[in-house]
Amino acid sequence: MNKIPKIAFASLAFNLIFSAYHIVMGVITFSWWLFTLGIYYFILGTVRFVVICVKKREHILTRITGWMLIALSLPLVGTVILSLVRDRGQKFHMIVMIAIATYAFTKITLATIKLIKSRHSKSPKTVTLRNISFADAFVSIFSLQRSMLVSFEGMTQDGILIMNALTGAGVCIIVFLLGLNLVKKKKFLFKTLDK
């Protein structure tokens, strides 16, 4: 087995464990947000694995991934609305919040580094993986914000609601545009392919 499948399997295993944690916690705590987040991470992790492993028809896979991100952005809107009404975020201890923040900021940092290193790449696989990384990272940042606002004092319920609504809407739009970027293969957010 060559190097890429080993990395792909390790990444898939991590994503499955991470998504399973969210799904189980969502069921235990009756949190639609955690449950949906787990499903979201499961789909992204599985698609990332497929993109890494597939060697042929990368252009077709890029477009399929784009449509998948567009499709994921739509139920994400409903989940954000539902979380604003019923599930405003889970309160955690400061040490847990620091660990969650470290994880979320590591994701966005790694996605940004990938963007900078591969900004001139014309590889469909590279562009697709980059967009998946950003879709994953932005949802993690939103999830972090939701937990931080209820874990630390200093903000009113109305302020929390407004912040979550604005950030949630922004994340949904970004995920939609990341998908549209792959489907159209034009310069919406990043420099991508030329036919």
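A residue is called buried when its relative accessible area is under 20%, exposed when it is over 50%, and partly exposed in between, with a 1.4 Å probe and protein chains only. The model is predicted, so to read it: local features need pLDDT of at least 70, side-chain atom pairs count only at pLDDT 80 or more, and totals for chains, interfaces and linings use all residues. Residues are numbered from 1 along each chain as its sequence is written, and side-chain values use heavy atoms, with hydrogens and water left out.

The protein has six helices and zero strands, where helices (H or I, at least four residues) and strands (E, at least two) are DSSP runs numbered from the N terminus. The order of elements from the N terminus on is α-α-α-α-α-α.

Charged side chains come next. Side chains of opposite charge can pair when their charged atoms come close. A salt bridge is counted when a side-chain nitrogen of Lys or Arg lies within 4 Å of a carboxyl oxygen of Asp or Glu. This rule gives two salt bridges. In one of them, aspartate 136 pairs with arginine 48, and the closest N and O atoms are 3.4 Å apart. That pair links distant parts of the chain, since aspartate 136 is in helix 5 (residues 124-151) and arginine 48 is in helix 2 (residues 32-53), 88 residues apart. Aspartate 136 counts as buried at 6% relative accessibility, and arginine 48 is buried with a relative accessible area of 11%.

Aspartate 136 also forms a salt bridge with lysine 107, with 2.7 Å between the closest N and O atoms. Here too the pair links distant parts of the chain, with aspartate 136 in helix 5 and lysine 107 in helix 4 (residues 94-117), 29 residues apart. Both aspartate 136 and lysine 107 are buried.

On a 1 Å grid over the protein atoms alone, a pocket is an open set of points with protein on both sides within 12 Å along at least five of seven lines, a cavity is a set where a 1.4 Å probe fits but cannot get out, and lining residues have an atom within 4 Å of a point. Grid points are joined across faces, edges and corners, and a volume is the space filled by probe spheres set on the points. The largest pocket has a volume of about 440 Å³. It is lined by 15 residues, of which Arg48, Leu110, Lys114, Ser133 and Asp136 are the closest to its centre. Helix 1 (3-29), helix 2, helix 4 and helix 5 each supply at least two lining residues, and helix 4 gives the largest share, six residues.

There is one cavity of 30 Å³ or more, and the largest cavity holds about 30 Å³ of space. Its lining consists of Val51, Val54, Glu58, Leu61, Thr62, Pro124, Lys125 and Thr128. Helix 3 (58-85) and helix 5 each supply at least two of the residues in this lining.
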